[in-house]
Amino acid sequence: MLLIGLKVPLFAQNQSIADSLEQIFLTSENPAAELNLLKQLSIEEMDSDKKLKYSQLLIHMAEENDSLHYLFSGYQELGNVYLNKGDYSASLENFSRAATYADRNDAGRQLSLNYMSIGGVYASKKDYRTSIEYINKGKSLLESIDRLNQADSARLAQILENLGYSYIKINKPDSALLYLTKSGNLFESLQNTLGIAYNIGNKGLAYAEKGEHEKAISYIDEAIEILEELEDYYAISDLLKDMSQLYIDLEDYQKAAVYAKGSLSIAKDQGLKDVISKASLSLSQIYDITGDSVASYKYFKEHIAYRDSVIDLASVEEMADMRADFEVSQKQLEVDLLNNQKRTQRIIMYSLGFFLLLSFIYYRRLSKEKNRSDLLLLNI
């Protein structure tokens, strides 16, 4: 299961919303509204290729209109597209670019999203401890905001969900379930259907890690049912692969093969290289156990081919360099945010000081006038 927030918006979402937005955009004759339509389309769209197209178009139009806000959104969604396609270097590059367009007046909110996204890249590369590090940075930034609005609450739910997922992957299912319970309650209160679906799926993975297979299967089945209505094919494909692994553990290889083939079919249709690699490995294991060495070898070769296309040495080195550059840019944004706060405080102090000085001068003048009046009265 993917971390929520890497490819989903803050509120309930499904493909029909994206389809409606697409029709409005294609028939729109209001250029001022097109940027916002494109932003919503790039967020809501479930189809990877369409999401890529609309994210790139949003960036192009944002550059023409010199809009930092929409440039941030465009590069964020482009990072999500490449992450789902398994191109981690391109994903990290676009998330890093997004950070450079963060609004200094709202940097806490935007950087919290950015840190969470970067954490997602490292989680996808199975570097879960680095992922937790970044997600916690995002959590701290969000919690530093004085008053959380509804969108902030939704992002906090995403962050808690992502932390839960990462703790599953480092074999701490009980800690994971603590975070997942909190995020699940938030998603329920926000009526975020997609968030609820991801939460149920991740709880299933946590119970699988605890060895409670029947409970895990029940949760994952429920999540898939909701996701099918929302047409979130990436999450469906990933969960089908997880379900296959559960049936391998239960030694029900017939069902395991059915789920793995379903996962592989959707992943190929959507161009999801990382899921293709995982589903192919599951099928290779199944056929190896059942004695079909030819089929096992075929799927193992497919697993290796897609695995190497997702993660290679050059990519790892490039990401290390990007991470260093990103840390510098993010730190500068945080410094700028702090400086803005200090500058505001200095302005208030200077204004207060100036006001006190004027008050003192005015008081001295009144005092002199009073003394002069008293002296005149005395002389009279």
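Me: Which elements of the chain have the lowest and the highest mean pLDDT?
Reply: This is a predicted model. Helix 16 (residues 313-379) has the lowest mean pLDDT among the elements of the chain, at 51, and helix 9 (residues 173-190) has the highest, at 96.

Me: Where is the pLDDT below 50, and how many contacts does the stretch over residues 5-14 have beyond near neighbours in sequence?
Reply: The pLDDT is below 50 over residues 5-14, and that stretch has 46 contacts in the model beyond near neighbours in sequence. Where pLDDT is low, the predicted coordinates should not be read in detail.

Me: What is the mean pLDDT of the chain?
Reply: The mean for the chain is 80, with 72% of its residues at 70 or more.

Me: Turning to helix 3, what should its 17 residues span, and how far apart are its end C-alpha atoms?
Reply: At 1.5 Å a residue, helix 3 should span 24 Å. Its end C-alpha atoms are 25 Å apart, so the two values agree.

Me: What is found at the start of helix 3, and what just after it?
Reply: At the start, a side-chain oxygen of aspartate 47 comes to within 3.1 Å of the backbone nitrogen of aspartate 49. Just after the helix, aspartate 66 has a positive phi of about 50°.

Me: Is serine 48 buried or exposed?
Reply: Serine 48, which belongs to helix 3 (residues 48-64), counts as buried because its relative accessible area of 8% is under 20%. Apart from neighbours within four places in sequence, serine 48 contacts Val81, Lys85, Gln270 and Leu272.

Me: Which other residues of helix 3 are buried?
Reply: Besides Ser48, the buried residues are Lys51, Leu52, Tyr54, Ser55, Leu58, Ile59, Met61 and Ala62. For serine 55, the relative accessible area is 0%.

Me: What does serine 55 touch?
Reply: Not counting residues up to four places away in sequence, serine 55 touches Ser42, Gly74, Glu77, Leu78 and Val81.

Me: A change of topic: where is lysine 261 found, and what does it touch?
Reply: Lysine 261 is in helix 13 (residues 253-270). Setting aside residues up to four places away in sequence, lysine 261 touches Leu283 and Tyr287. The C-alpha atoms of lysine 261 and leucine 283 are separated by 7.5 Å, although these residues are 22 residues apart along the chain.

Me: How accessible is lysine 261?
Reply: Lysine 261 is partly exposed, with a relative accessible area of 41%.

Key. Residues are numbered from 1 along each chain as its sequence is written. Side-chain values use heavy atoms; hydrogens and water are left out. Helices (H or I, at least four residues) and strands (E, at least two) are DSSP runs, numbered from the N terminus. Buried means under 20% relative accessible area, exposed over 50%, partly exposed in between (1.4 Å probe, protein chains only). Contact means heavy atoms within 4.5 Å. The expected span of a helix is 1.5 Å times one less than its number of residues. A polar contact is a pair of N or O atoms within 3.5 Å; within protein, one must be able to donate a hydrogen and the other to accept it, and residues adjacent in sequence count only if both atoms are side-chain atoms. pLDDT is the predictor's confidence in each residue, from 0 to 100.
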